[in-house]
Each structure stands twice: as C-alpha cells, then as structure tokens.
Amino acid sequence: MLSLDFILMFFVNIKFILKMVVKRMLKMLYLLIQWLILTLIVLFTAWILPGITVSSIPSAMVAAVVIGMINVSIKPVLNWITLPFNVVTFGILALVINALLLLFTAYLVPGFNINGFWSAFFGSIIISLLSLGISYIKY
C-alpha cells in the first residue's frame, strides 16, 4: 500500500516539473516573439530607407538572427575596447560601430543588402530606436 506522504510527494514533484516546463516554454515563446518583432523592424527599415533592401522574408528573418547574435557577442567587446573614444566623441563612435556592424550583417546574410555607409548609419539608428522596446519583453 502507498502511504499518503508518498502520494503527496509525487504530486508535489509533478507540480514542480510542470511549472519548470511551462516556464521554459514561455521563455522560448518570448524569444520567438522578440525574433519576429526584430524581423518586422528589419523589414520596416528596408521599406523606409531606399539604400537598404531585403529580397525576401526569410532573408529578413536570418538578418534578425544575425543582428541579435552580433549584438550579444561582438558589440559589447567593441564598445568596451572603444570606450575612451566614445567618451571623447560623446557617443558618436557608438553610432558608427552600429552602422559597421549592420554592414557586416549585410555582408553575411544573402538577400539583405545595404548601399553605402550612410544607409547603414541611418538604418542602424532606426533599428536601434525601434528595438528598444524588445528588451522590455520579459518572460
């Protein structure tokens, strides 16, 4: 015969496991939502600026992934290395770094093209301003 303590412990463990599974599913759902919003931002930027072209929606989706990966991995290192110059130029160098990283994204992603530095500069400003709200989506 099963004791009452064993049955209660079993249901407590099941509840804990279900809570963890739901929490992970919500994290993945919010990550998917952030990715789709960044894809829409990339498409909107390409629609607004004549120097940025996106050939298809999958290209915009790949560009959004690459932008996210660059913003997480390369950008913090570059910002840390160029911190003294950022202070001297009052942050204008950060805008230049954003533009160069957007050009690098266009180099990596087929179907995502940028014609010149100034298109990348203004495109990076638009993408940065519009993607500020993405960071407030929490899980």
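**View 1. An aromatic cluster in the predicted model.** Phe117, Trp118, Phe121 and Phe122 are joined into a cluster by ring pairs. Rings of Phe, Tyr and Trp (its six-membered ring) pair if their centres lie within 6.5 Å. Searching the whole structure gives 6 aromatic pairs. This is a predicted model, where local features need pLDDT of at least 70 and side-chain atom pairs count only at pLDDT 80 or more, while totals for chains, interfaces and linings use all residues. Residues are numbered from 1 along each chain as its sequence is written, and side-chain values use heavy atoms, with hydrogens and water left out.

**View 2. The tilted pair of Phe44 and Trp47.** The ring centres of Phe44 and Trp47 lie 6.0 Å apart, with planes at 45°. The pair is therefore tilted (planes under 30 degrees apart count as stacked, over 60 as edge-to-face and the rest as tilted). Helix α1 (residues 4–48) holds both, 3 residues apart, so about one helical turn separates them. Helices are DSSP runs (H or I, at least four residues), numbered from the N terminus. Phe44 is partly exposed at 35% relative accessible area; Trp47 is exposed at 67%. Buried means under 20% relative accessible area, exposed over 50%, partly exposed in between (1.4 Å probe, protein chains only).

**View 3. The edge-to-face pair of Trp118 and Phe121.** Ring centres of Trp118 and Phe121 are 5.4 Å apart and the planes stand at 75°, so this pair is edge-to-face. Both residues sit in helix α5 (residues 117–130), 3 residues and about one turn apart. Trp118 is exposed, at 56% relative accessibility. Phe121 is buried, at 11% relative accessible area.

Definitions and conventions. Helix = DSSP H or I, 4+ residues; strand = E, 2+ residues; numbered from the N terminus.
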